[in-house]
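Please keep the sequence and the three-dimensional view at hand while reading.

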Amino acid sequence: MDNEIINSLSEYITTQILKQPNRALSTSEALISGGLVDSFSLVDLALFIEENYGVRIDDTELNADTFDTLEQLAAIIEDRR
Amino acid sequence: MVSPRSTALPVDLKNATLSSVLVEYSEHAPDQVCIYLLHSTRPALKITYAQLLARAACFAGALNQHGVKRGDVVIIILDHSQELIYAFFGAVLAGAIPAIMPFLTEKLSPVQYRSSLTALLDITRPGAMITCREFESEVEQASAGSSVSPVIIAAENINHSRCDPPDNIEGIHGDPDEIAVLQHSSGTTGLQKGVALSHRAVFNQLHSYAQSIHLDPQDVVVSWLPLYHDMGLIAGFLLPVMLGVPLVLMSPFDWVRAPHRLLKAISEYRGTLCWLPNFAYNFCALKIRESDLQDVDLSSWRAAINCSEPMYWSSHEMFLERFRPYGLREDALATCYAMAENVFAVTQGGIQSPTLIDAIDTTALTTGHAVKIDQDDSKNVKLLSAGKPLGNTSVRVVDAQGQSLPDRTVGEIAIKSNCMLTGYYNRPDLTEQAFIEGWYMSGDLGYLAGDELFITGRKKDLIIVGGKNVYPQDIEYLAGQVEGVHPGRVAAFGVYNDRAGTEDVVVITEVDSLDEQACIQIADQVRRQVTRGSDIALRHVHIVERGWLLKTSSGKVARAANREKYQTEILGNTPPSDSS
């Protein structure tokens, strides 16, 4: 598992989406179904990933079935890089 | 492109009902496509008036078979789909009263959802509920906890191959003064108010509003709005379908993940009218990739109508700047002030002439006076006019005693029209409180300048986020359930975020110990509890020491005062947040 990707996703979510920079996010925490990342922030997350990793997460994939944790999201990014 | 159509705007709307108009279209323009239902992974589904009537008649038949009678409420809980449309008109044809409610989303807690549904059932006492198979048990449990036992029908079980021709439709004999539809304002337990609207009120609104927006048979409406919301149900559904104007409809779920699809739809179908809540201007301007806009041409769009939450000039400016290169016309930017209690629109601006912008003195505004000031003065705030009242609607601005106030003086907006609600369903007490001498008291604050209405705020503590009304007491109740938070020591309020173009919901809660780890944990749980209980994402949760929150003389948390304290003490010390 690429820690760099996880760390940068985690930092983006805690600072930009949750506005709680001191909050620790575990790799298996439910982001979408747990209500941490709301639907209005999903596009931001997709744009962040595209800008930083050149990986496009399609809008039809922005749901908990495709990814719900940092771990799953990082795996998708690694896979498509 | 939409298919060519011949039908001129209809029919005598004077004694129309939703059923009679649908039947009339399906007789005179059976093959005209009324709805293009978009899907993110499949081609658009074209629904003609004949198909709409036939499929809706199958739902009507099923409802009648299950003993649903004329005047019974039918609660519809379905995802944005063709079944939702057929179920709605099926209830209409059966002579019943449809009420579309939001679907359970993945982040909402089923327990909270169920309990608010149970409360809704106790008030509306429906004869039936239509949902999908997957959701049937959820609805059954909610029903079991209530004092009523409505028939529960899964949309998949409706047999569309063997439906009787709709020649003996109960709803066709309906009286225009009967209730046509229930529209629910937001709010959870106990605060749900079903706005009951008669056929006559709906058609009076459609008739007057069509004149205000100069509706033309060549118009094409494009909408992503949910049908459980008044703007989605009326402007984004009944107005086009009942007035013979094609509707291009997409799901709010798809839009929020891919806002460019809306602009693509306008471009592809040569859309002319689209209603948007203010935050959608910012959302589209900031979150659409350039690469997703290839070949998009917005030149057909004659009115982008900002409605259902406070409107900001900066949002219009941001939107125009971003999409002017794609053909968006400056004169397309329009405004509207609406509420479910008036069916929908109260005023409309920016259709034949540009939307008026009032540069006024912020200092004078705090004392209730809208004094014009030079646009370059740093004390100015630019307010967008909500436009002029519809032809059938009178608007007054009144003081606390109900007396009309002079021009440019801020007061409560009072409304009278021939399209007002019949009442809050089964809540005569609330209906009575809402009117003073025949005038509906909106709870919104504003001023008139000539016949142009400007909205400046609201009397109630209501928070409007993304066009959705949120009652702070609901949020406070949910936060108060978290361990370590004392009920009654929580304040929830909205703070405008100019990047997002809407309000951020802020929760401040007092705790006994300010241990950092404990605070992070409490903040987390508050966030989760509120999201799972209300479907509202909290932007800021602040944990403060005992005694921080200001209270009223009766010991209640004073939301407006705490909002001010938050803005000076907490936001004042840190740079303004950049929520997006």
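Helices (H or I, at least four residues) and strands (E, at least two) are DSSP runs, numbered from the N terminus. On that basis, the elements of chain A follow the order α-α-α from the N terminus on. The model is a predicted one, in which local features need pLDDT of at least 70, side-chain atom pairs count only at pLDDT 80 or more, and totals for chains, interfaces and linings use all residues. Residues are numbered from 1 along each chain as its sequence is written, while chains are lettered from A and ligands numbered from 1 in the order in which they are written.

**Chain A**

- Chain A holds three helices and zero strands.
- Along the principal axes, the C-alpha atoms of chain A fill a box of roughly 30 × 25 × 20 Å.
- Of the 81 residues in chain A, 35% are buried; a residue is buried if 20 or more other C-beta atoms lie within 10 Å of its own, exposed if 12 or fewer, and partly exposed in between, with C-beta atoms placed from the backbone.
- Among the contacts in chain A with a separation of 6 or more, 64% are accounted for by residues 24 or more positions apart; two residues are in contact if their C-beta atoms, placed from the backbone, lie within 7 Å.

**Chain B**

- Chain B contains 16 helices and 28 strands.
- Chain B is as compact as a globular protein of its length, because its radius of gyration of 24 Å is close to the 25 Å that the globule rule gives for 580 residues.
- A box of roughly 70 × 55 × 55 Å, taken along the principal axes, is filled by the C-alpha atoms of chain B.
- Buried residues make up 52% of the 580 residues of chain B.
- Residues 24 or more positions apart provide 71% of the contacts in chain B with a separation of 6 or more.

**Contact between the chains**

- Chain A contributes 19 residues to the contact, and chain B contributes 18 residues.
- On the side of chain A that touches chain B there are seven nonpolar, seven polar and five charged residues; Ala, Val, Leu, Ile, Met, Phe, Trp, Tyr, Cys and Pro count as nonpolar, Asp, Glu, Lys and Arg as charged, and the others, Gly among them, as polar.

**Helix packing in chain B**

- Helix α1 (residues 18-28) and helix α2 (residues 49-65) of chain B have axes that come within 8 Å and cross at roughly 130°; axes are lines fitted to C-alpha atoms, for helices over the stretch in contact, and angles run from 0 to 180 degrees between N-to-C directions.
- This angle makes α1(B) oblique to α2(B); angles under 35 degrees count as roughly parallel, over 145 as roughly antiparallel, 65 to 115 as roughly perpendicular and the rest as oblique.
- The residues joining α1(B) and α2(B) comprise seven nonpolar, one polar and no charged.
- Helix α14 (residues 472-480) and helix α15 (residues 516-534) of chain B also have axes that come within 8 Å and cross at roughly 130°.
- That angle makes α14(B) oblique to α15(B).
- In this pair, Asp474(B), Ile475(B), Leu478(B) and Ala479(B) of α14(B) meet Val526(B), Gln529(B), Val530(B), Gly533(B) and Ser534(B) of α15(B).

**A buried threonine**

- Thr509(B) lies in strand β27 (residues 502-511) of chain B.
- Thr509(B) counts as buried because it has 25 C-beta neighbours inside 10 Å.
- Leaving aside residues up to four places away in sequence, Thr509(B) touches Ala479(B), Val485(B), Arg489(B), Val490(B), Val526(B) and Ile543(B).
- The C-alpha atoms of Thr509(B) and Val526(B) are separated by 9.2 Å, with the two residues 17 apart along the chain.

**Positive phi angles**

- Most residues other than glycine have a negative phi.
- Lys19(A), although not a glycine, has a positive phi of about 60°.
- Lys19(A) sits in the loop between α1 (3-17) and α2 (39-53) of chain A, and its 16 C-beta neighbours inside 10 Å make it partly exposed.
- Asp295(B) is likewise not a glycine and has a positive phi of about 65°.
- Asp295(B) is placed in the loop between α10 and β12 (303-306) of chain B, and it is exposed, with 8 other C-beta atoms within 10 Å.

Conventions:
Rg over C-alpha atoms; globule rule 2.2 N^0.38 Å.
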